[in-house]
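Biologist: I am new to this structure and would like to go through it step by step. Please show it first.

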Amino acid sequence: MPTTQPKLPFPDSDPYASGLLDVGDDNQVYWETSGNPHGRPALVVHGGPGAGGSRGSRRTFDPDVFRIVLFDQRGCGESRPHASLPSTDMAHNTTEHLIADMEQLREHLGIERWLLYGGSWGSTLILAYAQRHPERVSGIVLVGVTMTRPHEVDWLYHGLRLLLPIEWERFRDGAPAEDRDGNLVEAYRRLVENPAPAVREKAALDWCAWEDAVIAHETLGAPGQYTAQPDAALMAFVRICTHYFARTAWLGDGQLLRDAHRLAGIPGVLIHGRLDLSAPLRTAWELARAWPDAELRVIDDSGHTGSPAMRTAIFEAIDRFAR
């Protein structure tokens, strides 16, 4: 643990460089770097999938120490083409593509190894990348750990009806009648691919209303957090989420846990809220058991969206790598 409390949060640092990286398949990935150009490289990997990178994440890092890299994954944020456009081909947006994009970005920026930081879906992508390229990773900080296994997706979009029956029934009823007893994620994926704009828009709002319900009870779970997004961001988020979750991110069941041995020698900190309904604590606990170089920190008052205690734990974990 750090001997001194880091300043919370750090002052924002405007990007000193940014651009659109051509990653092939007619896709361009937006990236930016801030902080110390000669500092320790750190990559922020956003959640969703499809949420886009939060520019406020820069304030998690000491700008005097870190070279902070942010990017928007394919189809969202400032990357092009945007998934809110029906013409955008989703066939070239998979976990494999994102792993390759991250590696191409690292090479483009001339970085040898970097610290990886992210939460929720970002933790799944970080694990997939780190297991593919362990020699390129200096450390990992994960928050709200997920591995996008079939039972994790099933819990979030089916199992949680046990705790939120009224809200889940509304979510279920947004699917076509013939799909309501089946795979709701796949049903919503088809809806947001429908040629009729009104069908796509209603499905996206219904999906986000369920996401809102899941976090509404949390300390930082503001009402309408998902549905309050701008229309284009909301549509891209739902289209990418359903596209990935309907295929469980093209990962084998238990693949990331099975391959945790590939992370040997990489120090990690797993920070997870005990009250997280979206991603129950067991996933982080299982990963910590399979990855001896990782420390699990359980935040008793936090859910998926965090809490002041979780923010402090994140700063402390990153400060450890700063030193």
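Biologist: Which cysteine sulfur is closest to the sulfur of Cys 76, and how far away is it?
Modeller: This is a predicted model. A disulfide needs two cysteine sulfur atoms within 2.5 Å. The closest cysteine sulfur to that of Cys 76 is too far for a bond: it belongs to Cys 241, at 9.7 Å.

Biologist: Is Cys 76 buried or exposed?
Modeller: Buried means under 20% relative accessible area. Cys 76 has 1% relative accessibility, so it counts as buried.

Biologist: Which cysteine has the sulfur closest to that of Cys 241?
Modeller: Cys 241 itself is buried, at 0% relative accessibility. Its closest cysteine sulfur is 7.9 Å away, too far for a bond, and lies in Cys 208.

Biologist: How many disulfides does a search of the whole structure find?
Modeller: The sulfurs of Cys 76 and Cys 241 are 9.7 Å apart, too far for a bond. For the whole structure, the number of disulfides found is zero.

Biologist: How many of the 15 residues of α7 are buried?
Modeller: The buried residues of α7 include Cys 241, Leu 234 and Phe 245. Among the elements that cover them are α1, α5 and α6. Helix α7 is largely enclosed by the rest of the structure, because the buried count is 12.

Biologist: At what angle do α5 and α6 pack?
Modeller: In α5, Val 185, Tyr 188 and Leu 191 meet residues of α6 that include Ala 203 and Trp 207. By class, this contact has six nonpolar, no polar and two charged residues. The axes of α5 and α6 are 8 Å apart, and the angle is about 145 degrees.

Conventions. Residues are numbered from 1 along each chain as its sequence is written. This is a predicted model: local features need pLDDT of at least 70, side-chain atom pairs count only at pLDDT 80 or more; totals for chains, interfaces and linings use all residues. Side-chain values use heavy atoms; hydrogens and water are left out. Buried means under 20% relative accessible area, exposed over 50%, partly exposed in between (1.4 Å probe, protein chains only). Helices (H or I, at least four residues) and strands (E, at least two) are DSSP runs, numbered from the N terminus. Contact means heavy atoms within 4.5 Å. Axes are lines fitted to C-alpha atoms, for helices over the stretch in contact, and angles run from 0 to 180 degrees between N-to-C directions. Ala, Val, Leu, Ile, Met, Phe, Trp, Tyr, Cys and Pro count as nonpolar, Asp, Glu, Lys and Arg as charged, and the others, Gly among them, as polar.
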